Amino acid sequence: MLANNLLPMPREEKGTRTLDIAANCSASGRPKTKKFVYDYEYDRAAQLHNYSYARPALAVVVVLSFFILLQLNSVHFTIAKTTHVATIENSFREEQNYRYSRHQVQGRCEALKLHQMGRWQHYFFADNTDSLNDEMSNRIRNSYTPLELEWLAGNSSSWMEESVKTEGCAQYRDTHGLMITAKLGNQCSCASSAFRPSHSVWINELRPTDGGADADVVLQSPSLRLVERLARENRSLCFMGDSVDNQFYDALRLNLERTLLIKSNYSSFIQKIQAEKIPLNYTNETGPSLYTEGKTRYASHMMRTIITLGENLDKATFKYMRHYGWAPGDTSFLDDCDIVVTNLGLHYEPYSGKLVNPYKSVTAIPNLGPSILASVTYLADFASLDSKISVWRSALPQHFDTPDGRGHYNASRSSWDDHVCTALKSARNYSQYNRIYKEKFSELKPINESSEEGVCGAYESKVRVNRTSLDLPTVYRYYLEKNCCKEKRERLERLREQGDANVTGTVLRWEIADLFDVPSWHSADRDCTHFCYIPALYEAAFERLDLLIPPL
């Protein structure tokens with residue numbers, strides 16, 4: 001069973017279920033099966049201050065004495081809590097100041113380059129706990145729960161037995177950051193036959209080692225650093241894309257929940273994690289959905305998580321919007337976002353959203369090229385607004401066993417019974433989609449390619465686009481075709497009449513395909529597209545995003 005000192009305090013929920021990690025675990029430490037209710041509120045501040053006293057009144061002197069003592073203890077608790085939070089925040093800022101001062105000296109793009117020159121280092125341990133104790137530093141042991149240490153030691157029965165069951169995802173939905181088993185998007189558990197639990201580190205010049213025995217694993221969490229930056233400025237980060245983007249959204253929340261799972265003393269810093277569904281209301285001001293209501297790809301809601309941090313109760317928000325094909329009307333739901341991360345990739349098909357195969361040319365995927373150009377046009381326009389940031393995410397590698405060794409899904413394969421995810425034959429040939437993205441960005445002739453900012457060419461593209469183009473499926477053309485969105489349409493029409501239809505904006509390039517080139521980390525032998533919850537994998541990805549985003 002998970003040790004009590006590693007467990008977060010009970011969670012309070014809006015609804016019928018209380019999220020309590022201790023209560024949700026059986027004697028073996030495995031989460032019990034419970035019906036999942038997504039809307040919940042994890043309020044640590046309320047837990048810390050929720051005291052109740054139901055004793056009957058005694059003698060007046062005793063009551064007064066108790067009251068005075070309680071007040072003194074309350075003052076002591078408040079001072080101790082405030083001091084603890086201040087210590088965490090100061091330590092956090094010291095590390096962050098060091099990191100960013102170092103990056104400013106090297107340059108943000110140089111830091112990204114150093115991170116991308118890294119490699120995975122995997123540590124596998126013998127099938128006994130004694131070996132773990134001998135070989136693992138305190139730093140590594142303190143990065144995992146007791147149950148996870150059992151898995152690292154070779155005891156996989158507690159999760160692998162359930163990973164092949166259809167109810168596995170429902171069972172593991174409430175693991176709150178427990179590695180391997182947590183539900184990530186539509187997938188759960190690492191069920192690839194080649195998978196082995198490991199302590200894995202992305203070794204690079206920015207972090208050449210995995211830290212000393214006394215290093216604080218939480219302070220080294222890029223997810224927490226990224227969210228703290230957002231919270232400090234009350235900013236929001238929005239993912240818009242397919243099921244892979246859904247996994248990134250879930251991973252960011254899980255990494256924060258994992259912080260509390262491992263470092264319970266951070267409950268005074270991470271005050272609240274509130275996750276909920278926000279219904280989407282399609283009106284004449286947003287335009288209709290690209291998909292038919294009730295169909296798989298129809299976006300009926302947006303996922304939203306609000307994080308409250310520190311004594312000042314700073315808030316950061318991140319969201320996920322389902323978006324499989326280029327649907328210009330969906331952009332209306334991103335108006336209140338400060339940072340938009342999107343991509344058209346593995347599940348792109350203009351209307352059905354079916355998984356398709358990218359072959360030798362962009363013409364093999366109908367409409368993808370024009371849709372990319374129209375999407376980048378929207379991103380450039382978005383980034384031209386005050387304090388807005390646009391990010392294009394690279395496609396992740398697929399590892400299907402294909403004759404050409406490129407790993408892309410092959411719909412013509414007759415049988416998948418004996419299929420296993422396989423390493424790519426050509427190093428750095430991560431995805432044909434990324435080649436297509438490069439071609440399309442080049443067509444826009446990025447301004448920074450020939451300037452002194454050229455060192456950033458791999459990580460950002462400053463492009464000049466026509467936001468009222470009718471040659472591409474732009475947002476503006478969509479407004480005209482659907483006869484909708486009057487206020488936004490009239491804004492673009494005025495700009496066109498004034499000769500200001502062209503706009504320059506910078507689109508950041510979140511290049512992370514290299515991080516995901518690990519075939520055994522896919523969720524199943526037959527699913528070599530989606531990845532399972534490996535905390536180190538998603539921490540490395542969010543570290544690169546943290547490096548990519550300029551000062552807010």
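Predicted model: local features only at pLDDT ≥ 70, side-chain atom pairs only at ≥ 80, totals over all residues.
## Disulfide count

Let's begin with the tally: the model holds three disulfides, taking sulfur atoms within 2.5 Å as a pair.

## Cysteine 190 and cysteine 532

The sulfur atoms of cysteine 190 and cysteine 532 sit 2.0 Å apart, forming a disulfide. Its S-S torsion is about 100 degrees, so this disulfide is right-handed. The pair links distant parts of the chain, 342 residues apart: cysteine 190 belongs to the loop between β4 and β5, and cysteine 532 to the loop between β15 and α15. Both cysteine 190 and cysteine 532 are buried.

## Cysteine 238 and cysteine 337

Cysteine 238 and cysteine 337 also form a disulfide, with 2.0 Å between their sulfur atoms. Here the torsion about the S-S bond is about -90 degrees, so the link is left-handed. Because cysteine 238 lies in strand β6 and cysteine 337 in the loop between β9 and β10, the pair ties together parts that are 99 residues apart in sequence.

How buried are the two ends? Cysteine 238 has a relative accessible area of 1%, and cysteine 337 has 0%; cysteine 238 is buried, and cysteine 337 is buried as well.

## Cysteine 421 and cysteine 528

A disulfide joins cysteine 421 to cysteine 528, their sulfur atoms 2.1 Å apart. This link is left-handed, with -95 degrees about the S-S bond. Cysteine 421 is in the loop between β11 and α12, while cysteine 528 is in strand β15, 107 residues away.

Cysteine 421 counts as buried at 12% relative accessibility, and cysteine 528 does so at 0%.

## Cysteine 484 and cysteine 485

Finally, cysteine 484 is buried at 1% relative accessibility, and cysteine 485 is buried at 0%.

Conventions: Residues numbered from 1 in each chain as written. Heavy atoms only, no water. Helix = DSSP H or I, 4+ residues; strand = E, 2+ residues; numbered from the N terminus. Buried < 20%, exposed > 50% of the residue type's maximum accessible area, 1.4 Å probe, protein only.
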